[in-house]
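Student: Hi, I'd like to go through this model with you. Could we start with the charged pairs?

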Amino acid sequence: MVDQAREANLMARKAAEEQQRKLLAEKQDNRQREMARKEIERRMAEEIHRQKTEQDKRERELLRICETSEELKDLERQLKIAYINKERAAQHQEALLIRKLENDREQAIEEKMEYDRQDEIRHQIEKENERRQNLIAQKAVLQKQMLEMEVSSFSRLFFLDRPG
């Protein structure tokens with residue numbers, strides 16, 4: 001029994017030692033990964049700094065070349081002139097479009113006014129024709145009445161003049 005207890009105690013110590021070794025190995029792996037990560041970050045920061053420095057150097061060189069090159073200055077002037085001309089052309093096109101739209105609007109107004117004028121003339125002609133038709137009808141009624149009166153008068157005269 002004592003042997004079993006010793007053996008169990010020994011096994012527990014071995015398991016604990018094994019656990020300690022695993023934890024220690026894990027800590028070492030973590031430390032090495034952290035150091036590797038920091039080294040990669042340091043190298044990346046150095047590379048970014050180097051690239052930024054090179055980019056700044058290239059930009060300063062380009063600026064120096066641009067400022068000292070007469071040919072580039074001439075090209076820059078020509079480019080500015082081209083932009084100005086392009087803007088003027090765009091403004092001219094815009095003015096033409098505005099003028100065309102205004103002319104179209106005025107034409108539409110004139111056409112509407114002419115349509116309204118023609119419609120009013122048609123309306124007046126219709127009213128005049130209706131008035132004439134009424135006058136003709138009234139004249140026919142009056143003529144009929146006058147004829148009836150003449151016939152009546154004639155009949156009275158004719159019948160009165162006869163001995164009877």
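**Salt bridges and a nonpolar patch**

Tutor: Glu54 and Arg50 are four residues apart in helix α1, so about one helical turn separates them. Helices here are DSSP runs (H or I, at least four residues), numbered from the N terminus. This is a predicted model: local features need pLDDT of at least 70, side-chain atom pairs count only at pLDDT 80 or more, and totals for chains, interfaces and linings use all residues. Residues are numbered from 1 along each chain as its sequence is written, and side-chain values use heavy atoms, leaving out hydrogens and water.

Student: What does Glu54 form with Arg50?

Tutor: A salt bridge, with the closest N and O atoms of Glu54 and Arg50 2.2 Å apart. The term means a Lys or Arg side-chain nitrogen within 4 Å of a carboxyl oxygen of Asp or Glu.

Student: New topic: which residues make the nonpolar surface patch?

Tutor: Leu62, Ile65, Leu72 and Leu75, covering about 330 Å². α1 (2-68) and α2 (70-160) are the elements giving two or more residues to the patch. Patch residues have over 30% relative accessible area and no salt bridge; like charges are joined within 9 Å, nonpolar side chains (Val, Leu, Ile, Met, Phe, Trp, Tyr) within 5 Å. Areas come from the Shrake-Rupley method with a 1.4 Å probe, and for residues only the protein chains shown count as cover.
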